[in-house]
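Take a look at the chain below. This briefing covers its layout, its surface and its nonpolar cores.

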Amino acid sequence: MTAWLEDETSLLTRDPRSCVGTLPPLRSQAAHQPAEVTPAGAVWLAGATANPRTTLARWQASPASPGVLPCGTAFDVVSVPSLFGRRMLERLWAQGPGSGPVATHRGRTLLFATPGTAQRLPSLLAWEEWGTGAARPEGGSRTLPPVLCHGTGDAVTVPPLTCDTSAPGPQWVVAPDTRTPWLPGPDVLRWACVRAARSAVPPVSDYSIFPPADPGANVYDVSRRR
């Protein structure tokens with residue numbers, strides 16, 4: 001992850017969403033871990049609210065506390081179970097364009113996405129027969145986890161700006177570190193969902209050319225017969 005900003009010039013822009021005079025104390029932490037939010041990333045997160053300056057001032061006073069932010073303006077959030085989310089991230093980072101900010105909370109992975117994703121992604125997944133939660137990618141048969149989409153009118157809990165992996169509660173996996181983070185859209189996340197589902201399908205077919213074993217048959221050890 002990008003190190004904490006050493007140059008404050010980007011934070012001194014006369015912009016209604018700027019954080020003039022509010023974020024420097026955050027950089028005084030003794031050790032900054034990769035999953036910590038940078039000052040520029042905090043500006044981006046605060047931009048999701050109606051009063052960014054108030055939000056930043058509150059974070060300055062309590063940087064180790066989680067917050068609640070509205071979706072639909074700066075970002076939408078796609079929430080999936082943790083293990084499935086890990087598979088999605090593996091595909092996004094290894095085979096795809098990467099991910100935007102990512103957090104974990106209460107056993108789920110929260111992927112930050114472009115605004116409007118919450119409206120479009122469900123229909124794209126329904127086209128992939130996701131609607132019932134029982135898609136069968138590539139002939140497999142597994143119950144897929146629910147994909148929850150949070151957009152306009154919803155709010156999500158975000159991790160603290162500072163990182164403490166020993167503390168309970170939400171944690172950053174990929175913390176925002178810029179005012180303009182790249183965010184995946186609905187097509188990218190549909191792609192990641194499909195490939196994550198396929199990776200969960202057992203490679204061995206459920207079908208066999210051999211008849212099923214008779215559970216009542218007698219079985220003898222013939223390994224020592226001469």
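The chain holds five helices and seven strands. Keep in mind that this is a predicted model. From the N terminus on, the elements follow the order α-α-β-β-α-β-β-α-β-β-β-α.

- The chain has 226 residues, and 45% of them count as buried.

**Contacts along the sequence**

**The largest nonpolar core**
- How many residues does the largest nonpolar core have? The count is 24.
- Five residues have the most contacts inside this core: L45, W59, F75, F112 and W172.
- Which elements give two or more residues to this core? They are the helices α1 (39-46) and α2 (52-61), along with the strands β4 (108-113) and β6 (155-158).
- The largest share comes from α1, which gives four residues.

**A look at L45**
- Set aside the neighbours of L45 within four places in sequence. L45 is then in contact with V37, W59, L69, F75, F112, L161, W172 and P176.
- W59, F75, F112 and W172 are among these partners, and they are also among the residues with the most contacts inside the core.

**The second core**
- A second core is separate and has 21 residues.
- Among its members are F84, L121, V147 and A196.

Notes
Residues numbered from 1 in each chain as written. Predicted model: local features only at pLDDT ≥ 70, side-chain atom pairs only at ≥ 80, totals over all residues. Heavy atoms only, no water. Core = buried A, V, L, I, M, F, W, Y, C linked by side-chain atoms within 4.5 Å. Buried < 20%, exposed > 50% of the residue type's maximum accessible area, 1.4 Å probe, protein only. Contact = heavy atoms within 4.5 Å.
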